[in-house]
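Subject: Structure handover

Hi,

Here is the structure for you to look at. My notes follow below it.

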Amino acid sequence: MENPFLDFTHSLLRYGVLLIVAAAGLIHLRGLLLQRPILNYERSLSIWAVVLCHVQLIVGLLLYIMYWGRISDMAGEEGRFWKVEHIGTMVVAVALVTIGRATAKRATTEIAKQKRIAIYYLIALALMLWAIPWPFTDIGHGRAWL
Ligand code: HEM
């Protein structure tokens, strides 16, 4: 059963997720390097990053359930990518963003907060960039940018 609406939502939301996780990670890294306090809009960015990641996770899980018939028949590299790599890496990335924000909230100094968001979010960003089936990769060949 194909679901073009959820497909499109998941595909489009990648850019929102990547942008907000990158922005929050880099802004906190800058704050850490300049040793200055976190501004309200910066804190909001890191919270919205968690929200968008969770929405993407839910849409991804729905797609996975709906397309399981097709995915379970896949073999070789394609099978490994969709059964293990995409899902496994993305779940770890979303967990890192969630844990990063939770541990930052508990940290007692502004510098420790900045450091945790910067580290967790930027690692999550790298994992997401790696596990997306971009059109220029073998696995994403034939897929669109949106
Ligand atoms: C949170 C980070 C995630 C990002 C940035 C992301 C990104 C993407 C992208 C760009 C595609 C290709 C869409 C297209 O070409 O139309 C895709 C496909 C897919 N994703 Fe994710 N994804 C994420 C998480 C997940 C998770 C956690 C799951 C499952 C639990 C999942 C399941 C799927 C499935 C089943 C497809 C294939 C849909 C199809 O065959 O058209 N995704 N994802």
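Leaving aside neighbours within four places in sequence, which residues is Val97 in contact with? They are Val21, Ala49, Val50, Cys53, Tyr120, Tyr121 and Ala124. Two residues are in contact if their C-beta atoms, placed from the backbone, lie within 7 Å.

Before the rest, some ground rules. This is a predicted model: local features need pLDDT of at least 70, side-chain atom pairs count only at pLDDT 80 or more, and totals for chains, interfaces and linings use all residues. Residues are numbered from 1 along each chain as its sequence is written.

**Val97**

Val97 sits in helix α4. Helices (H or I, at least four residues) and strands (E, at least two) are DSSP runs, numbered from the N terminus. Val97 is buried, because 28 other C-beta atoms lie within 10 Å. Here is the scale: 20 or more other C-beta atoms within 10 Å of a residue's own is buried, 12 or fewer is exposed, and anything in between is partly exposed, with C-beta atoms placed from the backbone. One of the contacts spans some sequence: Val97 and Val50 are 47 residues apart in the chain, with 6.2 Å between their C-alpha atoms.

**The chain overall**

The protein chain has 5 helices and 0 strands. From the N terminus, the order is α-α-α-α-α. Along the principal axes, the C-alpha atoms fill a box of roughly 50 × 25 × 25 Å. The chain has 146 residues, and 23% of them are buried. Take the contacts with a separation of 6 or more: residues 24 or more positions apart account for 73% of them.

**The core**

The largest nonpolar core has 22 residues. Such a core is a set of buried Ala, Val, Leu, Ile, Met, Phe, Trp, Tyr and Cys residues joined through C-beta atoms within 7 Å. Val21, Ala24, Ala49, Ala93, Val97, Tyr121 and Ala124 touch the most other members. Helices α1, α2, α4 and α5 (110–131) each supply at least two residues of this core. α5 gives the most, with 7. Ala93 touches Ala124, Leu127 and Met128, not counting residues up to four places away in sequence.

**Helix by helix**

- α1: This helix has 31 residues and reaches 45 Å from first C-alpha to last, close to the 45 Å expected at 1.5 Å a residue. The expected span is 1.5 Å times one less than the number of residues. α1 bends by about 25 degrees at Leu13. A bend is the angle between axes fitted to the seven residues ending at a position and the seven starting there. The buried residues of α1 are Val17, Ile20, Val21, Ala24, Gly25, Ile27, His28, Gly31 and Leu32. Their cover includes α2, α4 and α5.
- α4: Its 31 residues should span 45 Å at 1.5 Å a residue, and its end C-alpha atoms are 44 Å apart, which agrees. α4 bends by about 40 degrees at Trp82. Its buried residues include Phe81, Met90, Ala93, Val94 and Arg101. Among the elements covering the buried residues of α4 are α1, α2 and α5.
- α5: With 22 residues, this helix reaches 32 Å from first C-alpha to last, close to the 32 Å expected. Its buried residues include Lys113, Gln114, Arg116, Tyr120 and Tyr121. The buried residues of α5 pack against α1, α2 and α4.

**Around the ligand**

There are 22 residues around the ligand, and Ser11, Gln56, Gly60, Met90 and Arg143 come nearest. A residue counts as near if its C-beta atom, placed from the backbone, lies within 6 Å of the molecule. The elements giving two or more residues to this shell are α1 (4–34), α2 (40–66) and α4 (76–106). α2 gives the most, with 7 residues. By type, the shell divides into 14 nonpolar, 5 polar and 3 charged. Ala, Val, Leu, Ile, Met, Phe, Trp, Tyr, Cys and Pro count as nonpolar, Asp, Glu, Lys and Arg as charged, and the others, Gly among them, as polar.

Gln35 lies in the loop between α1 and α2. Gln35 is not a glycine, yet has a positive phi of about 55 degrees. Most residues other than glycine have a negative phi. Gln35 is exposed, with 9 other C-beta atoms within 10 Å.

Best wishes
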